[in-house]
Amino acid sequence: MKYRPSSRTRKLAFGAAAVVVLGGMNAPAVYGFAESAYHDYTINKPEYMARYGHWDLVDVPKQYQINAIHAALLHTGKVLLIAGSGNDEKNFKAGTFQSVLWDPVKNTFKEIDTPKDMFCGGHAQLPDGNLLVAGGTARYEKLEGDVTRAGGAMVVKNEDPDAPKTLPKGTVFRGPSGQEYVSQVNVLVPRAEKKFAKRGKDKKAKVTVTAGQARVFVEAKAKGEKGIANAAAQYEIVGEKGADARNHYGLATKLGLDKKDFQGLKEAYEFDPIAERYIPVDSMAEARWYPTLVTLKNGKVLAVSGLDDMGEIIPGDNEIYDPKSKKWSTGPHRYFPTYPALFLTKGGNLFYSGSNAGYGPADKGRRPGLWNPDANTFKPVPGLRDNDQTETSTSVLLPPAQRQKVMIFGGGGVGESHRSTGRTAVADLSQDDPVFRPGPGLGRGTRYLNAVLAPDDSVFTTGGSKDYRGKGASDIHKAQFYDPARRSFRPAADPEVGRDYHSEAMLLPDGRIAVFGSNPLFADRANTTVAAFEKRIEVYTPPYLYGRTRPKLGAGPTEVRRGGSAEFAVPAKASVQKARLMRPSAVTHATDVEQRSIALAAERHGGRLKVTVPRDRALVPRGWYMLFITDGRGTPSQARWVHVR
């Protein structure tokens, strides 16, 4: 694999010379250079890498350097990076939406045609290996001072029981005072519902008609305050006459110049890793921006939360995708803030750790707990310290998944708060009445931390920032491993690149960890220089890949059933301590509810290793997994892809 040397590595050759120069010169600039060069010399020594690991920058051709907002590992071993418009309104207005497919082995890149703005959508791994991508951006936010035309939600009514009504983008609504508003998207208004009651004494059947309705975002034709409407009113549809004019109309309570939030998309797609293209599927009932997509025990996918097509947080209307029919249906009703971290647990419950990405009031939907989506019941899990700072925190289902422990790392206050916490905590969901117990501290307040499960049962954490979106040059250039067995951290080599908002990290099939993206607000401590999106890809090679002989996992089947076994070739004298099935990541906004590490029962028979997959479908959702074996030191094999049916 081809890498571009980091600035540290490029200075390595000067390390020894710098030390000599330092002895004969007494200049601060020379001293600073020498100190840096000696540091680079140290971190590239074999014994240092064997203890702390090593970082490398990937050589990415300029045309493939994108604003990676989302990252997903596919069962082909390639990584799908999705930018959409990449948090760049110019790209949005130009219709420039990007996805790139990266092969980490060959270090090759491929541009993928991206049909919609998938920026800030949701994604989940499907049983057949496709990636479901749903939602995204229909409109960028407008801050109060930037809003030039009054606008807001218009409820469109249809009192015709015989036919639905389609109103194209650009439909004009006129109010009682003559003000006119223009719809910004197409809208389909269902037909009215006609019901017949039983005949009364007058022998006549009573008929009631309930109007069909749909919402659409409208903007005033007139700029500025002339377009403001502060009172509830009925709006006629310009151009409609007779019965159509009577049956079809709009209603709005307020159309103002206040801030307009991002608006979501209803569209959904499956990305086919073999064909390497997006395939359109049934659209969601709700538009969603910042949704979480979580796999259920039956292999279906639940879409939760998000901002709708009005820019308002969805008040608990969730829906379920069926990979067989490619259709959506109504899901259990429950409110969550955007991008809630939901983990599938034994029995099929979903655990909400409290982690989320931001939109929503501070006092609603932020309490951690166990949600039974079938019965739609919610049992709070208490004990979390700094529970008002779960926004932009990170959560993982600790390895192995059988232990049913979820850990939360860091986080910050709601919105653009400067507050952050270094708190960690673990909830043991195997207990009848689980509570959060304190874990070791991170050492400083940390938002946007990336956390990745490793095949040796550790959790690798890297990056983050102390302040909101790295304000005040607060990016944290630190990495470490959390050991669940010892309940402690151990240090890792420091990354060169700072990572905060819109960054992602994931485990690769060869045991390395790739890190993408970062979208800080400012590039300096004084917060005066606007920062550029971080397009560099950095790959971390853990200590377990230095100075050790890796166990080899040889030929074996590519499919295995839950509750079934499979045999793989292994060298007769090789040490095999553990076997793990690891679900590939689909990560964005510090949220990765896909990754999980499942312990397999393993038996040696000479040159064969027999592994058995647990039967619990809530523990092992159907789909593709990386199968790793590790020796007594935790050294992992290269993964083999296995499809669990």
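Colleague: How many of the eight residues of strand β49 (residues 623-630) are buried?

Modeller: This is a predicted model, in which local features need pLDDT of at least 70 and side-chain atom pairs count only at pLDDT 80 or more, while totals for chains, interfaces and linings use all residues. Residues are numbered from 1 along each chain as its sequence is written, and side-chain values use heavy atoms, with hydrogens and water left out. Buried means under 20% relative accessible area, exposed means over 50%, and partly exposed lies in between, with a 1.4 Å probe and protein chains only. In strand β49, eight of the eight residues are buried, so the strand is largely enclosed by the rest of the structure. Strands are DSSP runs of E with at least two residues, helices are runs of H or I with at least four, and both are numbered from the N terminus.

Colleague: Which strands pair with β49?

Modeller: Two strands pair if DSSP finds at least two bridges between them. Strand β44 (residues 578-582) pairs with β49 in the antiparallel sense over five bridges, and Leu-581 has Leu-627 of β49 as its bridge partner. Five bridges also join β49 to strand β50 (residues 640-644), again running antiparallel, with Val-642 in β50 as the bridge partner of Tyr-625.

Colleague: How many salt bridges does a search of the whole structure find?

Modeller: Side chains of opposite charge can pair when their charged atoms come close. A salt bridge is counted when a side-chain nitrogen of Lys or Arg is within 4 Å of a carboxyl oxygen of Asp or Glu, and the search of the whole structure finds 34 of them. One of these is formed by Arg-215 and Glu-312, whose closest N and O atoms are 3.1 Å apart. This pair links distant parts of the chain, 97 residues apart, with Arg-215 in strand β17 and Glu-312 in the loop between β24 (301-304) and β25 (319-322). Arg-215 is partly exposed at 31% relative accessibility, and Glu-312 is partly exposed at 40%.

Colleague: Where do Lys-300 and Asp-322 lie?

Modeller: Lys-300 forms a salt bridge with Asp-322, the closest N and O atoms being 4.0 Å apart. Lys-300 lies in the loop between β23 (292-295) and β24, whereas Asp-322 is in strand β25, so the pair ties together parts that are 22 residues apart in sequence. Lys-300 is partly exposed, with a relative accessible area of 29%.

Colleague: Which residues do salt bridges that share partners join into one network?

Modeller: Arg-174, Glu-180, Lys-221 and Glu-236 are joined in this way.
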